[in-house]
Structure formats: C-alpha cells, structure tokens
Amino acid sequence: MEADDMAEGSDPDSDLEPEAAFALIGQEMRFAILRALWDAGDKGLTFSELREAVGNPDAGNFNYHLRRLLGPFVVKHETDGSPTYELTVAAGYVMGSIESGGYHRTERVGPVGIDGTCPDCGGGIEAVYEDDLACVRCLECDVRMFDFPLPAGAVAAYDPPDLPDLLDRWVRTTVRRVRANICPVCSGRLSGHLTDEDSDHPAKDITARYTCQQCARTVNGTVSAWLVEHPAVVQFWMNHAVDPLEHPLWSEMWRTSTDVRRLETDPLRVGVQFTLDGETLELVVDETVQVAEVRRP
Ligand SMILES: [Zn+2]
Ligand SMILES: [Zn+2]
C-alpha cells in the first residue's frame, strides 16, 4: 500500500457553505470521482479501483481532489482489508437529482386518455406532462383536477400510457413522506398546520399546509388528501371490499366518498369523513394536522 492510499479529509466536521459545496463538485476530476462512486453503488471502490475508474491520473493530483471531497461528499470505510470509498447519503441525493433529469432533460408526454369524468362538466379526462408538471385535466372545460411536479427522469423511465399510474404512485409516496414530516425537497423537518384562509380548493376549503424548517418551502393539499394512506382509511376501504390502490386519487370514488366538517374554529379542528355503503369513518384532525381521534362506524 502506498502512502497516498490513505487519503484523509482535511476537516470532515466543518460545515460547507452551499456555494462552496457546489464549487467543489464543479471541478472535472472531482465530478468524475463522484460519478465513478455513483456507478459503483453500495459496494464502493478501493483507492486503486477509484483511481483506475477515473482514468489513472497522476497519484498526487488524484489524491488531492479525493481529499477535498472527503467529508461532505465521500465517506471512507475501514472495514476488513483495503479501505473503500462511497458517496455520502447527501452526495447520493445530488447524483440522483442529476440522474433524475432535472438538470439536463425536458420531456413532454401525452396527452393520455384516462377513465373518469370531470367533476365540473362531466366531460372526459386526460393526463399530460409538460414543463415538469404532471396534470389531470378535463377535455371539455380545461379544469385542472390534479397538478403535481414530477422529475423528468421519473417520467422518462415509463411508456406514455403509464403516466397516470406513475403520477398516482408518485403522489401517494409524497403523501407518506410529508405525513412523516420529511420535506420532499430537502429532507428537512416539516411542521403542519390547518388553514381555511386558502381558496385554492373551494370544494373542500380546509387546507393542510406543511412548512419545511430547513428550506422554508410549503406543501399544500386538502386536508382529506393527506389522509388517503392513513391505516384507518385503508382498512375502511378494505372492509368494504374496495382496494384503494385501484382508485387513482383523482377518481370519482375519492371525490364522492370524502367530506370535511369543521368541529372547532379556534384552534381549527375538523372531522374528515369517508363514507361507503351508508357507513362513515371520521378522522378528527387537529390544527397541527395530527389525527387526534378515529371514529369508526
Ligand atoms: Zn370539465
Ligand atoms: Zn425542505
């Protein structure tokens, strides 16, 4: 083993400013190192494998650039035998974002005709993806029933007819993540609150808004939309021999079976009701969007 097999980070504990972090990976060899580690996946690479993967550059130069990455972007594992290098979790997100296409690809998919009708005029509906947004809209009156940002790389992985199914699964996954208080953009901590000041959703005028404590972005949805994956709701559907996964979130079943009533105004507290075959399940939701009580039929 050569002395330069022992690349060490200068100060792995020091926080990098975002600008400095991006400047760090903007250098050609450092990006090649990250790319090689991304391609290697979970098994990582030894010092010599990594050097070979980036075209066997001069050892001193290579070692210098690898050292710069250690800490924020690359982690060194000392497990049995030769140390291996892997991407940090955060670097995995950076490389995954590049892979998901946000930086180098634009896609337009559809329109794709889908089952169902417009709640406003009864017309047919279709799904389309453009400008990073997937949407379900009416063919007749142009009402947009559903709008959701989707990375181009996710869309490119499927055939156009699969767009509606992908959109449904993507939104459900986001719902779970948000309900777990994890920001879908930066993984920071979310806090939720109910508000009725928002008129974006006139049909169900209570919005549950989640705000990220790290990146300050907000994610909004009707209060009932955030509960579609709640175990009590899933169980209720299953008890009525309905598989909720077979009904996309824009489908008539969700629309016609869901209702919201105000229980208290200060602080705001609502009952979200799901009704099937004359039976009603009600979830009492408090101002922080926590389910305070489940009232089964
Ligand atoms: Zn319509
Ligand atoms: Zn965030």
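In which strand is the place of P111? P111 belongs to strand 4, which covers residues 109-117. Strands here are DSSP runs of E with at least two residues, helices are runs of H or I with at least four, and both are numbered from the N terminus.

**Basis of the model**

This is a predicted model, in which local features need pLDDT of at least 70 and side-chain atom pairs count only at pLDDT 80 or more, while totals for chains, interfaces and linings use all residues. Residues are numbered from 1 along each chain as its sequence is written, and chains are lettered from A and ligands numbered from 1 in the order in which they are written.

The pLDDT, the predictor's confidence in each residue from 0 to 100, averages 86 over the protein chain, and 90% of the residues score at least 70. Residues 1-6 have a pLDDT below 50, and this stretch makes 4 contacts in the model beyond near neighbours in sequence. Residues 8-13 are also below 50, with 8 contacts counted in that way. A contact requires the C-beta atoms of two residues, placed from the backbone, to lie within 7 Å. Where pLDDT is low, the predicted coordinates should not be read in detail.

**Overall form**

The secondary structure of the protein chain consists of 9 helices and 14 strands. The radius of gyration is 24 Å, whereas a compact globule of 297 residues would have a value near 19 Å. That radius is taken over C-alpha atoms, and the globule rule is 2.2 Å times the number of residues to the power 0.38. Along its principal axes, the C-alpha trace spans about 75 × 40 × 35 Å.

Of the 297 residues, 24% count as buried. A residue is buried if 20 or more other C-beta atoms lie within 10 Å of its own, exposed if 12 or fewer, and partly exposed in between, with C-beta atoms placed from the backbone. Among contacts between residues at least 6 apart in sequence, 45% join residues at least 24 apart.

**Helix 4 and its surroundings**

Helix 4 comprises residues 59-69, and its buried residues are F62, N63, L66, R68 and L69. The elements that cover these buried residues include helix 1 (18-25), helix 2 (28-40), helix 3 (47-53) and strand 2 (74-77). After helix 4 comes G71, which has a positive phi near 110°.

Helix 2 and helix 4 pack at an angle of about 70°, and their axes are 9 Å apart. Helix 2 is therefore roughly perpendicular to helix 4. Axes are lines fitted to C-alpha atoms, for helices over the stretch in contact, and angles run from 0 to 180 degrees between N-to-C directions. Angles under 35 degrees count as roughly parallel, over 145 as roughly antiparallel, 65 to 115 as roughly perpendicular and the rest as oblique. The crossing of helix 2 past helix 4 is right-handed; a crossing is right-handed if the near helix is turned clockwise from the far one by less than a right angle, and left-handed if anticlockwise. Where the two helices meet, M29, R30 and I33 of helix 2 face H65, L66, R68 and L69 of helix 4.

L69, in helix 4, is buried because 25 other C-beta atoms lie within 10 Å. Leaving aside residues up to four places away in sequence, L69 touches L24, R30, I33 and V74. In helix 3, A53 is partly exposed, with 16 C-beta neighbours inside 10 Å. With the exclusion of residues up to four places away in sequence, A53 touches A36 and L45.

Two C-alpha to C-alpha separations involve these residues. L69 and I206 are 137 residues apart in sequence and 46 Å apart in space. A53 and D115 are 62 residues apart along the chain, and 49 Å separates them.

**Backbone features**

| Cis peptide bond | Omega |
|---|---|
| G110 and P111 | about 5° |
| D266 and P267 | about -5° |

P267 lies in the loop between strand 11 (258-265) and strand 12 (268-276).

Positive phi angles also occur at residues other than glycine. D131 has a phi of about 50° and is found in the loop between strand 5 (124-130) and strand 6 (133-138). D131 counts as exposed because it has 9 C-beta neighbours inside 10 Å. A216 has a phi of about 65° and lies in the loop between strand 9 (207-212) and strand 10 (218-222). A216 has 10 C-beta neighbours inside 10 Å and so counts as exposed.
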